[in-house]
Amino acid sequence: MISSLTRRRFLAISASAAAAPALAGQPAAHWRGLALGAGASMQLAGLAPDRAAPVFSSVEAELRRLEAIFSLHRRGSAIDRLNRDGRLDHPPAELLEVLTLAGRLHDVSGGAFDPTIQPLWQLQAAGAISGHPPGVGDLSATLRRTGWRHLRMDTGQIAFARPGMALTLNGIAQGYITDRVASLLHARGLQDILIDMGEIVASGTRSDGSAWVAGVARPDGRVVHKVQLRDRALATSSPSGTLLDPRGEVGHILHPATGLSAMGQGVVSVSAPRAALADGLSTACCLLSAEGAATAVAAFPDARLEVIA
């Protein structure tokens, strides 16, 4: 059985508005519910509940809209239709934006970042559930259904050049969605924001004017590093953050060249101006040596490798 996800999937948003003095002394408005299939909470300081309600509603609507593009588990989503049909006509701009960044990450990581590994992930997950890990023949056959170079895309269509291919954007879409939620809140006048969706976006400052502080934790919950963030994102990945088998030998980050789990790096954390970039880099670096990770991150001047261990 696939173990429970230890990398956080709980959406938490704290935000403060440049509010009128009349609102300054009022308690924060709170919301709890579900978003992207996980528990979610929002806290908005400086807004009365009646003014906060439209903000909560707009965030919920944006999450539903983006889930209809990126979710592998939502039937009829854009990525579900692409994987089902092998092509997607008139793809959403958001999907093309993420795939463009994915292509850049693929290049700087020497091919380690490759969203076409979805067939390999499905093979390993099925083997973990059945108790029969895939053999060499199964891996070889599945590898022939992968490969970033076999993806074709432009504004009119995304298509696979080989039958049986499929995409997963789980190593980058979470960060992209976090960025979009932050942009939405900024557009509504909220300047001091902390969003935690597994990936973290911190804008502005805390209520006392200090920088936000985020902890980098191993899968067992032990915090190994703390990072001060101001107008910056942080993403942390670990191959053992999700385990596909009961013995804990198969992690969820697979190497595209072999189809096998990459259990080398215990935890990788990257900060960057955008959560999508930090998310993709932290995922890719789990598949690289320390030197290779540093080289990949250095390809983006504003990104920083915070932890690799």
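User: What order do the three strands of the open sheet have, and which kind of pairing?

Analyst: Keep in mind that this is a predicted model. The order in the open sheet is 4-6-5, and the pairing is antiparallel.

User: What makes strand 4 and strand 5 stand at the edges?

Analyst: Strand 4 (87-89) and strand 5 (151-153) each have a single partner strand, so one side of each has no neighbour in the sheet.

User: How do you know that strand 5 and strand 6 pair?

Analyst: Pairing takes at least two bridges. Strand 5 and strand 6 (residues 157-160) have three bridges, in the antiparallel sense, therefore they count as a pair. As one spot to look at, Arg152 stands opposite Ala159 in strand 6.

User: Which strands does helix 4 touch?

Analyst: Helix 4 (residues 93-108) packs on the sheet and touches strand 4, strand 5 and strand 6. Its direction makes about 130° with that of strand 5.

User: Why are helix 2 and helix 7 called roughly antiparallel?

Analyst: Helix 2 (residues 49-70) and helix 7 (residues 173-187) pack at about 150°, with axes 10 Å apart. Angles over 145 degrees count as roughly antiparallel, so helix 2 and helix 7 get that label.

User: Which residues of helix 2 and helix 7 meet, and what classes are in the contact?

Analyst: Among them are Val55, Leu63 and Phe70 in helix 2, and Tyr176, Ile177 and Leu184 in helix 7. By class, the contact of helix 2 with helix 7 has eleven nonpolar, one polar and three charged residues.

Notes:
Residues numbered from 1 in each chain as written. Predicted model: local features only at pLDDT ≥ 70, side-chain atom pairs only at ≥ 80, totals over all residues. Heavy atoms only, no water. Helix = DSSP H or I, 4+ residues; strand = E, 2+ residues; numbered from the N terminus. Contact = heavy atoms within 4.5 Å. Axes fitted to C-alpha atoms, helices over the stretch in contact; angles between N-to-C directions. Parallel < 35°, antiparallel > 145°, perpendicular 65-115°, else oblique. Nonpolar A, V, L, I, M, F, W, Y, C, P; charged D, E, K, R; others polar.
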